[in-house]
Amino acid sequence: DILDINQASTGNFKIVAQDQIDIGGLVLRTVNLLVTRAARNNQKLFCNIDSTSEKIIGAWLDPMRVKQILANLISNAIKYSPQNSKIEILVRQLKREECLKVYDEIMYQITKNHDLDNKTTDHLSLTVAKKLHNRVSIIVKDQGFGMDEDEIQIALSRYGVVHNQNSDKVDSTGLGLPIVKYLVEVQGGLMKIRSVKGEGTEVEIIL
C-alpha cells in the first residue's frame with residue numbers, strides 16, 4: 001500500500017485494464033482468501049452474488065487491482081468489527097438507468113476536480129464512457145464500530161487514522177481506504193461510504 005500510494009502521487013501507477021472480467025468469480029476467490037482470518041474472530045463472511053445474471057461482468061478493469069480493492073475493504077471490515085459479527089459482500093450488475101445516473105455523477109466529479117490535468121481528465125472521461133451501459137456494484141457491509149462524517153473524512157485522508165476507544169486497538173497504517181478510493185476512481189469508478197457509530201459501515205464501489 002505504501003508503494004502504491006507513492007506511485008499514485010508521482011503518476012507512475014499502472015492499470016492494466018481488460019475489456020471484460022468475471023467480477024463474480026473474482027469476488028468469490030478473494031472472499032475465500034479471507035475466510036480463515038474472519039474465523040479467528042468468530043466472524044462470518046456472507047457473499048451474495050445476484051443470481052438474476054448468468055455472470056457478473058465488469059468492463060475495462062484491472063483484475064489484480066479489483067482484487068486489491070476487495071481485499072482491502074474486507075480486511076478493514078474484519079479489523080473494525082467485533083467478534084461474533086457478520087460481514088456481507090453484495091454483488092450485482094447495475095441496470096441501464098442506474099448506469100446512466102452513475103455516468104452523470106462521475107463526469108460531474110471529474111469536471112469539478114481541479115487537481116486533474118487535461119491529459120488525466122481526457123483519459124478518465126474516455127474510460128467512463130466505455131462503461132456507459134456496463135457497471136457493477138459491490139457492497140461490503142459490516143456490523144463494526146462505525147464512523148461519523150468527520151471520521152469518514154479522516155479515514156479517507158492519506159495516513160489518516162481514526163482515534164477512539166475501539167479503533168485504537170487496531171493496527172492500521174491509514175492507507176487502506178485512500179488506496180481503495182484511488183484505485184476505484186482511476187478505473188473510472190465511484191466509491192460511497194455510509195456509516196453509523198456503533199452500528200457498522202457500508203462501503204459501495206461502483207466499477
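Asn42 counts as partly exposed, because its relative accessibility is 46%. On that scale, buried means under 20% relative accessible area, exposed means over 50%, and partly exposed lies in between, with a 1.4 Å probe and protein chains only. Asn42 sits in the loop between α2 and β2. The phi of Asn42 is near 55°, a positive value in a residue other than glycine. Most residues other than glycine have a negative phi.

Before I go on, some ground rules. This is a predicted model, in which local features need pLDDT of at least 70 and side-chain atom pairs count only at pLDDT 80 or more, while totals for chains, interfaces and linings use all residues. Residues are numbered from 1 along each chain as its sequence is written, and side-chain values use heavy atoms, with hydrogens and water left out.

Trp60 is the other residue I want to show for its phi, which is near 55°, again positive in a residue other than glycine. Trp60 belongs to strand β3, residues 57-61. With 31% relative accessibility, Trp60 counts as partly exposed.

Now the chain as a whole. The protein chain has 7 helices and 7 strands; these are DSSP runs, H or I of at least four residues for helices and E of at least two for strands, numbered from the N terminus. Along the sequence the pattern reads α-β-α-β-β-α-β-α-α-β-α-α-β-β. Of the 207 residues, 46% count as buried. The accessible surface comes to about 11300 Å², and 50% of that belongs to carbon and sulfur atoms; the areas come from the Shrake-Rupley method with a 1.4 Å probe. Among contacts between residues at least 6 apart in sequence, 78% join residues at least 24 apart, where contact means heavy atoms within 4.5 Å.

Next, the sheet. What is the strand order in the open sheet of 5 strands? The order is β2-β4-β5-β7-β6, with mixed pairing. Two strands pair if DSSP finds at least two bridges between them. The edge strands, each pairing on one side only, are β2 (44-49) and β6 (190-196). From one strand to the next, the twist averages 10°. Inside the sheet, β5 (residues 136-141) and β7 (residues 200-206) run antiparallel and are joined by 5 bridges. Lys141 stands opposite Glu202 in β7. Helix α7, residues 176-186, lies across β6 and β7 and runs at about 145° to β6. Axes here are lines fitted to C-alpha atoms, for helices over the stretch in contact, and angles run from 0 to 180 degrees between N-to-C directions.

On to a helix pair. The axes of α2 (residues 23-40) and α3 (residues 63-79) come within 10 Å and cross at roughly 35°. The crossing is right-handed, that is, the near helix is turned clockwise from the far one by less than a right angle. Among the residues that meet are Leu26, Leu33 and Leu34 in α2, and Val66, Leu70 and Ile74 in α3. The residues of this contact divide into 13 nonpolar, 2 polar and 2 charged. Nonpolar covers Ala, Val, Leu, Ile, Met, Phe, Trp, Tyr, Cys and Pro; charged covers Asp, Glu, Lys and Arg; the others, Gly among them, are polar.

Last, Thr127 in helix α5, residues 118-130. Is Thr127 buried or exposed? Thr127 counts as buried, because its relative accessibility is 11%. Leaving aside neighbours within four places in sequence, Thr127 is in contact with Gln187 and Gly188.
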